[in-house]
Amino acid sequence: MCGVGLEFFSHYDRIRRLFSARVALGLFGCFGSERCAVGATCVVGLQWGDEAKGKIVDILTEKHDIVVRYQGGANAGHTVVFDGKKYKLSLIPSGIFRPNVQCVVAGGVVLNPQNFIQEMDGLIAQGIDCQNLLISTRAHIIMPWHFEEDRLMNRTTSGENIGTTMRGIGPCYRDKVGRSWAIRLGDLYREEFPQRVKMICETKNRLLFGMDPEGGENRLDAEKITADYLLYADRLRPMATDTTAYLLDALDSGKKILCEGAQGALLDIDHGTFPYVTSSNSSGVGVCSGAGLPAKSIEKLVGIIKAYTTRVGGGPFPTEQDNEIGQLIRDEGNEYGTVTRRPRRCGWFDAVAARYTARLSGATCLSVMLLDVLSKLPEIQICTEYELNGERTSHFPAHVDDLRLVKPHYITLPGWLEDITKAQSWDDLPTNAQNYVRKIGEIIGVPVEIVSVGPDRKQTIFVK
Ligand code: IMP
């Protein structure tokens, strides 16, 4: 007993000494070149997605041992640019470009195996070795019926389209919650898989026919589906594992984990602009359930925001600029969906929304992306409050119909009207650009630690 006690205390003492050393070195504070948190760091979008999270994940990856994708599916699209080359990712974690980093697709993801294999083969063809990939056997699998259901159920009861990406995401998550018709990666390796597909196809065929009696040619063929998915399963077999156990062990052995969110917090199924949301917890609250990590392991959460706001698909967007300002932002920022190529809706930075999602997600710092896109604007606006039913508020409404009614109140800041894409440090930024970034951090109440002025890794400023 006594021995165990001493061992525990010496271990405790080591941790305590390590802890004080890290505080003394300022390791909790910011991302310098040599600094990073022990435990898990998370990168989460604080708007409606497409905040350029992939770039920041890619940069932070070199200081981590493991990168985890934990929610969403092939609805996400990340672009990573380095050495003059552009790579597009959808399901594969952005850590894939560094062979010594383990990439994990965790149980909270809905996996389209065909997309996954195509994406992996595309990377291999470009010379990226994809040996460092693991996929959770708990991940739910997108099946052919999910695409049909997505097409047929894209509408809300109010008639406005959600404008889904048509990747079967919502239907797959619906089956996960419903349980009876769900298929997880681990199920593909079980003897009863063909029988299970047959049973589900019988039911789904009736369901789909009920929803769309004209859609006869879309009948599900259980035998073909089984054969296709068994081939995918074979290809994925070397990567399929219990990633929850893997990550918990990694935490225990002091590995540094980076969790990569998909979409953005305003699309969170529980806390976003419901029903114009995606079907997973895309805010910071989804990290633990999606990855299978305890809350206490999260040391740092980087909230990613664009210097303006965009949205794809339906739903209210208070600061939208459906005019020449919105068009200028779209042109300068190439605001077209990575996955669907749909033009994104563009507008001013909404600090009411970002403050809400930063608090909800537990952001410990911010990364302001695409600041260079605003360089041609003589004046820039930030929405600091909403007016709802004649009253000013800095709270984000819970009901989408209230969000439709809000009138944004803005402050106007002078633009900088010069090219900032070559800025290497905070001091290289024009004073008006510094003031704009500072103001955003001030209103949200979270420090800005990273500013991005272009797509390349090198166009990134770490704020002291
Ligand atoms: P779903 O995720 O395909 O079901 O689409 C639901 C809503 O989320 C739609 O408005 C989509 O446009 C939006 N959405 C899904 N994924 C992304 C993303 O990666 N970026 C931006 N919007 C997204």
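What covers the buried residues of α5? The structure examined here is a predicted model, in which local features need pLDDT of at least 70, side-chain atom pairs count only at pLDDT 80 or more, and totals for chains, interfaces and linings use all residues. Residues are numbered from 1 along each chain as its sequence is written, and side-chain values use heavy atoms, with hydrogens and water left out. Helices (H or I, at least four residues) and strands (E, at least two) are DSSP runs, numbered from the N terminus.

To take the opening point, the cover over the buried residues of α5 includes β6 (110-111), β8 (140-141), α4 (144-152) and α6 (193-211), judged by contact, meaning heavy atoms within 4.5 Å. Helix α5 itself spans residues 169-178, and its buried residues include Ile169, Pro171, Cys172, Tyr173 and Asp175. Buried here means under 20% relative accessible area, exposed means over 50%, and partly exposed lies in between (1.4 Å probe, protein chains only). Just after the helix, Arg179 takes a positive phi of about 70 degrees.

The loop between β6 and α3 (113-125) holds Asn112, a residue that counts as buried at 5% relative accessibility. Its side chain makes polar contacts, a term used for a pair of N or O atoms within 3.5 Å; within protein, one must be able to donate a hydrogen and the other to accept it, and residues adjacent in sequence count only if both atoms are side-chain atoms. The side chain of Asn112 reaches the backbone nitrogen of Gln114 at 3.1 Å, and a polar atom of that side chain lies 3.1 Å from the backbone nitrogen of Asn115. Setting aside neighbours within four places in sequence, Asn112 is in contact with Leu91, Ile142 and Phe147.

Turning to the strands, an open sheet of 10 strands runs in the order β9-β7-β5-β2-β10-β1-β11-β15-β19-β20, with mixed pairing. β9 (240-241) and β20 (460-462) stand at the edges with a single partner strand each, so one side of each is left without a neighbour in the sheet. Two strands are taken to pair if DSSP finds at least two bridges between them. Within the sheet, strand β2 (residues 66-69) is covered on both faces, with Ile66 and Val68 buried on one side and Val67 and Arg69 buried on the other. β2 runs parallel to β5, joined by 4 bridges, and Arg69 stands opposite Val105 in β5. Another 4 bridges join β2 to strand β10 (residues 257-264), also in parallel, where Leu258 is the bridge partner of Val67. Strand β5 (residues 102-105) is in turn joined by 3 bridges to the parallel strand β7 (residues 133-136), and Cys103 stands opposite Leu133 in β7.

A hairpin is formed by β3 and β4, with 2 residues between the strands. Strand β3 (residues 78-82) has 4 of its 5 residues buried, so it is largely enclosed by the rest of the structure. β3 pairs with strand β4 (residues 85-89) in the antiparallel sense over 5 bridges, and the bridge partner of Phe82 in β4 is Lys85. Between the strands, Asp83 takes a positive phi near 50 degrees.

Helix α11 (residues 351-361) includes Ala354, which is buried with a relative accessible area of 1%. Beyond neighbours within four places in sequence, Ala354 is in contact with Leu46, Ile305, Phe349 and Ile444. The buried residues of the helix are Ala351, Val352, Ala353, Ala354, Thr357, Ala358 and Ser361, and their cover includes β1 (40-45), β11 (298-306), β14 (349-350), β16 (379-388) and α13 (431-444). At the start of α11, a side-chain oxygen of Asp350 comes to within 3.0 Å of the backbone nitrogen of Val352. Just after α11, Gly362 takes a positive phi of about 75 degrees.

Nitrogen atoms of the ligand lie 3.0 Å from a side-chain N or O atom of Asp50 and 3.3 Å from one of Gln263, while a ligand oxygen is 3.1 Å from a side-chain N or O atom of Arg342. Taken alone the ligand exposes 470 Å², and the protein buries 96% of that, with areas from the Shrake-Rupley method and a 1.4 Å probe.
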